[in-house]
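I am opening a notebook on this structure. The entries follow the order in which I looked things up.

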Amino acid sequence: MEKHAHKLISKIYKESFLKRKLRDTSVKQKFSIIVILIIVIIALSTYTFYVGTRIMSGIRAYISGESLISKTHKEAVIDLLNYSDSYEEEHYEDFLHTIEMLRGYRQIRLAVTDKDVDRGEVSQGLFSIGVELEDLNDLIFIYQKFGWISYIQDAIRIWEDSDNLIYQLEIIGGEIHNIISPRNIDIHEERDEIEKELQTSLFNIYAVDQNFTLLERDFASVLDEGSREIKKVLIIIAIIFNSILGLITVIIAMYIGRVTSEVERAKTEFLSLSSHQLRTPPTSMKWFLEMLLSGDAGSLNDKQKEYVEEIYKNNERMITMSNLLLSSSRMEMGVSNISKIKTDIIDLLKSTLKEHEFHIKEKNLVIDTKYPQGESFAITDPKLLKIVFQNIFFNAIKYTPPQGYISLEMEKKISGDIMGGMKIPKEGFVVSVSDTGYGIPESEYRSIFTKLYRASNIKEKDTDGTGLGLYLSKSILDKLGGSIWFQSEINKGTTFYIFIPL
Amino acid sequence: MDEKQYPRKKMLIVEIVEDEPSQRKALVEKFTMHGFSVLEAKDGEEGLKIAEMEKPDIIILDIKMPKLSGMGMLNKLRQKSEWGKHVPVIILTNLSPDDEETNRLIVENQPSYYLMKANFSIDDIVRKVKEQFPGQ
């Protein structure tokens, strides 16, 4: 049998480090791990979402920037055409001003793609060309994180290509300026000459304009395909990411669940095994001692009988102790089965009282009982309730000096009734056990129900008790939906009240 | 001296199946002292064999035993023969009847009694056995 217990213990502890770590972690720690995991998942999802929005923002910035730029291209062309038409220097000024703006946009592109450019300087000029700082930051974000994507490269190349066209336009502008400015536009013949010489330049302007259009169409299709691709990639990443996280969470949860139930099972098995082991030697001792006392091995003299009785009494204490220990361990580990059935409380009380008959007679105590008329059934667990009654009777008898008096009363109560200073929460029975015993000191009222607690005034008088009885009784009643309380006066007596809901 | 012819009262046969040597010894001695014919076995396998061979009037059975547990033996006993189905069996154990597994086995195999060793005096056990055979 010991071998079996050893095998079980080593089964519990011989697992791999991780398993053991998981097993050693308390429920609280496991819960913290799960909470941390959830927070991590939320944080990562939020970050993914944030990155997504920034990308979208960056793309929007790029598009709005590009549309601004293409409008400005057109404006430059129109300015130049106006100049070629009106010959007024005003229009040439406008043209130069527009070229400046285009140069400004070029600076922005360099600020995004070229690390050496002073971004601070650039951002100062942003407002004048209608670009917001936020847009610049978004563009920089996209370029830094996604610059390696071919679509982004293509878009930037197209943007760079437009520099060429702007430069060509500038040259054409210069040529036209050279044709128009030295001449006197008020003289009719001069205007005819200008018109003749402008023909080539006009042709060139249209060529540049067409190229602008082509570039813009290229850009639109790159953007279109690019953003579709990015969207696809983001969706795939999000799905993979979330699936992995979800899978990990499920696996961990399942694992924890399995480990927990394994531990529960091992606990139960260990408990029942060790309690069995604990009871084995005392059982043999009990029987042989009984046989000795019965004279089965020959009659004993008085002294021998006395000594054997001492041994027998102590052995019984050991048995009682291990029974109590088993029950309270069970309660604590939550392993105790509670099976509620229709129980006759009066029957239960009577049979329990009968078990203590001998002890009562021995101490010459007077017992008074009072039971209610009519039905006395409640839905509860008779096994467990019996333990409570046994404990209370045992205490009453034990802690009342000889020739004392114990009264057992059972009454049906409804919600709102007051009994022993406590309000009854709902319909049920109250069993009260009064004695004329040593009483319980007021300062120890709360502690009396705690594990292994024995009141100070009886510890000297009687070394016998285990300190587990009341703790166990309270645990059981809590589980059954009942309650236990008492009223007491030192050296006068104690009354314990047990409430059992219907 | 009167020589009255009485039919000889048959001695009741009790089989004790218990793996703990001290406990087995105590039970064997006690029952012998009370006029029973006692068979003993130290595990479920041996117990089953002896039971089928000798057909005792009552069996006292422990649960936790090597080779074949008490419940295992009881189960086989109940299924193997008509006799096995009806022979009274008292389970005498230190295993609490609180575990689900034990409860299930009790319901399935129908012992006559389930007694917790540590809570019963050996005289009580003998008395319980005698109660099964009133008038003998």
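**Entry 1: salt bridges in chain A.** I looked up Arg157(A) and found that it forms a salt bridge with Asp154(A), the closest N and O atoms being 3.8 Å apart. I used this rule for a salt bridge: a side-chain nitrogen of Lys or Arg within 4 Å of a carboxyl oxygen of Asp or Glu. Arg157(A) and Asp154(A) are three residues apart in helix H7 (residues 150-180) of chain A, so about one helical turn separates them. Arg157(A) is partly exposed at 41% relative accessibility, and Asp154(A) is partly exposed at 27%. I took buried as under 20% relative accessible area, exposed as over 50%, and partly exposed as in between (1.4 Å probe, protein chains only). Helices (H or I, at least four residues) and strands (E, at least two) are DSSP runs, numbered from the N terminus.

I note the source of all this: the model is predicted, local features need pLDDT of at least 70, side-chain atom pairs count only at pLDDT 80 or more, and totals for chains, interfaces and linings use all residues. Residues are numbered from 1 along each chain as its sequence is written, chains are lettered from A and ligands numbered from 1 in the order in which they are written, and side-chain values use heavy atoms, with hydrogens and water left out.

I then looked up Glu306(A), which forms a salt bridge with Lys303(A); here the closest N and O atoms are 3.6 Å apart. These two residues are three apart in helix H9 (residues 302-333) of chain A, so they too are separated by about one helical turn. Glu306(A) is partly exposed, with a relative accessible area of 38%, and Lys303(A) is partly exposed at 45%. Elsewhere, salt bridges that share partners join Arg183(A), Glu190(A), Glu193(A) and Glu197(A) into one network. Glu190(A) is partly exposed at 25% relative accessible area, as is Arg183(A) at 22%. Over all chains, the search of the whole structure finds 32 salt bridges.

**Entry 2: where chain B meets chain A.** How many residues of chain B are in contact with chain A? I found 29 residues of chain B in contact with 21 residues of chain A, contact meaning heavy atoms within 4.5 Å. The two chains bury about 2200 Å² between them, 58% of it on carbon and sulfur atoms. Buried area here is the accessible area (1.4 Å probe) that two parts lose on being put together, summed over both.

I counted one salt bridge between chain B and chain A. Asp296(A) forms it with Lys30(B), and the closest N and O atoms are 2.4 Å apart. On the side of chain B that touches chain A, at least two residues each come from helix H1 (21-33), strand S4 (89-93), helix H5 (100-109) and helix H6 (122-131) of chain B. H1(B) gives the largest share, eight residues.

Entry 3: Chain B has six helices and five strands. Along the sequence they follow the pattern β-α-β-α-β-α-α-β-α-β-α. Of its 136 residues, 49% count as buried.

**Entry 4: a strand pair in chain A.** I went back to chain A for strand S1 (residues 341-344), which is joined to S3(A) by four bridges, the two running antiparallel. Two strands pair if DSSP finds at least two bridges between them. Asp344(A) has Phe377(A) in S3(A) as its bridge partner.

**Entry 5: two single residues.** Is His356(A) buried or exposed? It is buried, with a relative accessible area of 9%. His356(A) lies in the loop between helix H10 (345-355) and helix H11 (357-362) of chain A. Leaving aside neighbours within four places in sequence, I found His356(A) in contact with Gln390(A), Phe393(A), Phe394(A) and Ile397(A).

Ser483(A) is in strand S8 (residues 483-489) of chain A and is partly exposed at 23% relative accessibility. Ser483(A) and Val430(A) are 53 residues apart in sequence and 9.5 Å apart in space, C-alpha to C-alpha.
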